[in-house]
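Please find below a briefing on the structure shown here.

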Amino acid sequence: MTKCQFYAHSIPAAKIFIIREVMGFPMGSVPFRYLGVPIFQGRPKRSFLRPIVDKIMPNLVSWKGAFFSIMV
């Protein structure tokens, strides 16, 4: 229960209050991370995707080397 949140878009404040009271969850805000993936609204910003690029870049060298053919 402590990790749970709900997200709402264009819902009146009165309904959000009722949902919070009934469910007992706080309301979250965008952007957030779900299973390590950034969840955002609209066009992605560079700052949202930078951590993913930083994890992939070191592996590119080994991936490229695995796809080269030794045939001459």
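**Salt bridge and overall architecture**

Asp54 and Arg50 join their side chains in a salt bridge, with an N to O distance of 3.5 Å. The model is a predicted one, and a search of the whole structure finds one salt bridge. The protein comprises two helices and two strands, arranged along the sequence in the pattern α-β-β-α.

**The Asp54–Arg50 pair**

- Side chains of opposite charge can pair when their charged atoms come close.
- Both partners belong to helix α2 (residues 46–67), where Asp54 and Arg50 are four residues apart and therefore separated by about one helical turn.
- Asp54 is partly exposed, at 46% relative accessibility.
- Arg50 is likewise partly exposed, at 39% relative accessibility.

**Model confidence**

- The mean pLDDT of the protein is 82, and 89% of the residues score at least 70.
- Confidence is highest in α1, with a mean of 90, and lowest in α2, with a mean of 80.
- The helix with the lowest confidence, α2, is thus also the helix that holds Asp54 and Arg50.

**Aromatic pairs**

- Two aromatic pairs are present in the structure.
- The ring centres of Tyr7 and Phe32 lie 4.1 Å apart with their planes at 15°, so this pair is stacked; the cut-off for stacking is an angle under 30 degrees.
- Tyr7 is located in the segment before α1 (13–23) and Phe32 in strand β1 (residues 32–34), so the pair ties together parts that are 25 residues apart in sequence.
- Tyr7 has a relative accessible area of 36% and is partly exposed.
- Phe32 is also partly exposed, at 23% relative accessibility.
- The rings of Phe40 and Phe48 have centres 5.3 Å apart and planes at 25°, so this pair is stacked as well.
- Phe40 is partly exposed, its relative accessible area being 25%.

**Segment before α1**

- Phe6 lies in the segment before α1 and is buried, with a relative accessible area of 9%.
- Leaving aside residues up to four places away in sequence, Phe6 touches Ile16, Ile19, Arg20, Phe25, Pro26, Met27 and Gly28.
- For one of these contacts, Arg20, the C-alpha atom is separated from that of Phe6 by 8.5 Å, although Phe6 and Arg20 are 14 residues apart along the chain.
- His9 is found in the segment before α1 and is exposed, with a relative accessible area of 57%.
- The C-alpha atoms of His9 and Ser29 are 9.8 Å apart in space, while these residues are 20 apart in sequence.
- Ser10 is placed in the segment before α1 and is exposed, at a relative accessible area of 67%.

**Backbone geometry**

- Most residues other than glycine have a negative phi, and most peptide bonds are trans.
- Ser10 has a positive phi of about 55°, although it is not a glycine.
- Val30 and Pro31 are joined by a cis peptide bond, with omega at about 5°.
- Pro31 is situated in the loop between α1 and β1.

**Surface and burial**

- A nonpolar patch on the surface is formed by Phe17, Ile18, Val22 and Met23, which together have about 420 Å² of accessible area.
- Phe17, one of the patch residues, is placed in helix α1 and is partly exposed, with a relative accessible area of 46%.
- The protein as a whole exposes about 6,700 Å², of which carbon and sulfur atoms supply 66%.
- Of the 72 residues in the protein, 8% are buried.
- Among contacts between residues at least 6 apart in sequence, 8% join residues at least 24 apart.

Terms used. Residues numbered from 1 in each chain as written. Heavy atoms only, no water. Phe/Tyr/Trp six-rings, centres within 6.5 Å; stacked < 30°, edge-to-face > 60°. Buried < 20%, exposed > 50% of the residue type's maximum accessible area, 1.4 Å probe, protein only. Salt bridge = Lys/Arg side-chain N within 4 Å of Asp/Glu carboxyl O. Patch = residues over 30% accessible without salt bridge, like charges linked within 9 Å, V, L, I, M, F, W, Y side chains within 5 Å. Areas by Shrake-Rupley, 256 points an atom, 1.4 Å probe, with all protein chains shown as cover. pLDDT = per-residue confidence, 0-100. Contact = heavy atoms within 4.5 Å.
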